[in-house]
Amino acid sequence: MPVVLISGGSGLIGANLTRHLIERNYEVIILSRNKEKVSENKNISYAHWDINNNKIDENAVKEATHIVHLAGAGVMDKRWSEKYKKEILESRTKSAGLLISSLKKLNHNVECFVSASAIGWYGEDPPPFNRSEGFIESDPPEDSFLGETCRLWEESVSPVADMGVRLVKLRTGIVLSNDGGAYKEYINSLKFGIAAILGGGKQVVSWIHIDDICRMYIQALENTEMEGSYNAVSPKPVSQKQLILAAADSIRNKFYIPVHVPSLMLKLALGERSAEVLKSATVSDIKIKLSGFTFLYPTLQAAINELTKKNNSAS
């Protein structure tokens with residue numbers, strides 16, 4: 001049975017990916033800071049690691065046939081103080097360094113290493129926000145905090161390839177999920193009947209459904225032809241206004257009021273993070289489709305309909 005070692009296994013993608021992997025008869029080991037954590041599922045176990053003290057359960061690394069690196073502090077979780085910016089970066093790069101140093105030190109059976117990255121790598125679409133072709137994987141990183149973070153993040157895992165281990169990096173777009181992340185924030189005001197359109201609402205959102213990003217990780221693990229960076233986004237980016245109104249129509253059945261949240265208010269509330277909320281980034285999915293990946297939810301309407309149906313059945 002293949003064994004996948006996951007860092008960041010309790011996060012949005014990690015928790016859902018674990019479920020998908022178990023359904024496909026993988027064994028999953030989740031790296032955790034909690035030494036006492038146990039699972040009721042016999043195919044899921046926990047292994048202790050401590051990034052700050054450079055400690056990791058070496059037996060977990062020895063058991064793994066694949067590694068998925070998802071660890072990293074949430075980019076939008078806190079205001080971007082210099083201290084938190086450092087945490088965002090180092091939680092990704094130091095954790096990668098610990099995994100790689102363990103692989104160098106130990107006799108292991110790891111065939112493939114899949115690392116998260118993000119479309120924060122790219123810059124902003126040129127006005128008027130209608131760049132139809134989209135950013136591709138060979139485009140350079142943006143000269144910004146997130147662009148530099150993504151560059152260093154990807155560089156931190158690059159030594160894996162020199163060790164003869166196949167390396168795949170997935171530059172993830174905005175993940176649509178009921179369990180958390182940006183989508184939950186987008187629709188939060190709908191419980192009050194308000195569809196919050198951020199800024200002008202014309203900024204392009206390159207998104208992906210949670211099930212499709214999990215399936216993409218599994219394809220990266222299983223498809224030995226995949227190597228290097230891939231954009232993990234759906235085929236049809238939309239404007240932020242289109243996204244929130246489609247969600248509002250599905251969730252509220254037309255019973256809502258669209259309200260524009262001024263850019264200035266977002267800048268005051270979010271500080272430097274507002275640039276990412278207001279940024280328009282059209283990102284191409286061509287390379288991942290050429291790898292043979294097919295989307296379950298290629299359109300926004302299909303994705304939102306599924307999320308609304310699932311949410312209604314759970315409540």
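Me: How is the expected span of a helix worked out?
Reply: The expected span is 1.5 Å times one less than the number of residues in the helix. Now the case here, in a predicted model. Helix H3 covers residues 82–105, which is 24 residues. From first C-alpha to last, H3 reaches 33 Å, close to the 34 Å expected.

Me: Where is the kink in H3 centred?
Reply: On Glu90. The kink there is about 35°.

Me: What describes two packed helices?
Reply: The angle between their axes and the distance between the axes. Take H3 and helix H4, residues 145–157. Their axes come within 8 Å and cross at roughly 10°. Angles under 35 degrees count as roughly parallel, so H3 is roughly parallel to H4.

Me: Which residues make that contact?
Reply: H3 gives Lys85, Ile88, Leu89, Arg92, Thr93, Ala96 and Ile100. H4 gives Phe145, Thr149, Leu152, Trp153, Ser156 and Val157. By class, the contact of H3 with H4 has eight nonpolar, three polar and two charged residues.

Me: How do strands of a sheet pair?
Reply: Through backbone hydrogen bonds, either parallel or antiparallel.

Me: In which sense do S1 and S5 pair?
Reply: Parallel, over four bridges. S1 is residues 3–7 and S5 is residues 66–69. Ile6 stands opposite Val68 in S5.

Key. Residues numbered from 1 in each chain as written. Predicted model: local features only at pLDDT ≥ 70, side-chain atom pairs only at ≥ 80, totals over all residues. Heavy atoms only, no water. Helix = DSSP H or I, 4+ residues; strand = E, 2+ residues; numbered from the N terminus. Bend = angle between axes of the 7 residues up to and from the residue. Axes fitted to C-alpha atoms, helices over the stretch in contact; angles between N-to-C directions. Parallel < 35°, antiparallel > 145°, perpendicular 65-115°, else oblique. Contact = heavy atoms within 4.5 Å. Nonpolar A, V, L, I, M, F, W, Y, C, P; charged D, E, K, R; others polar. Pairing = 2+ DSSP bridges.
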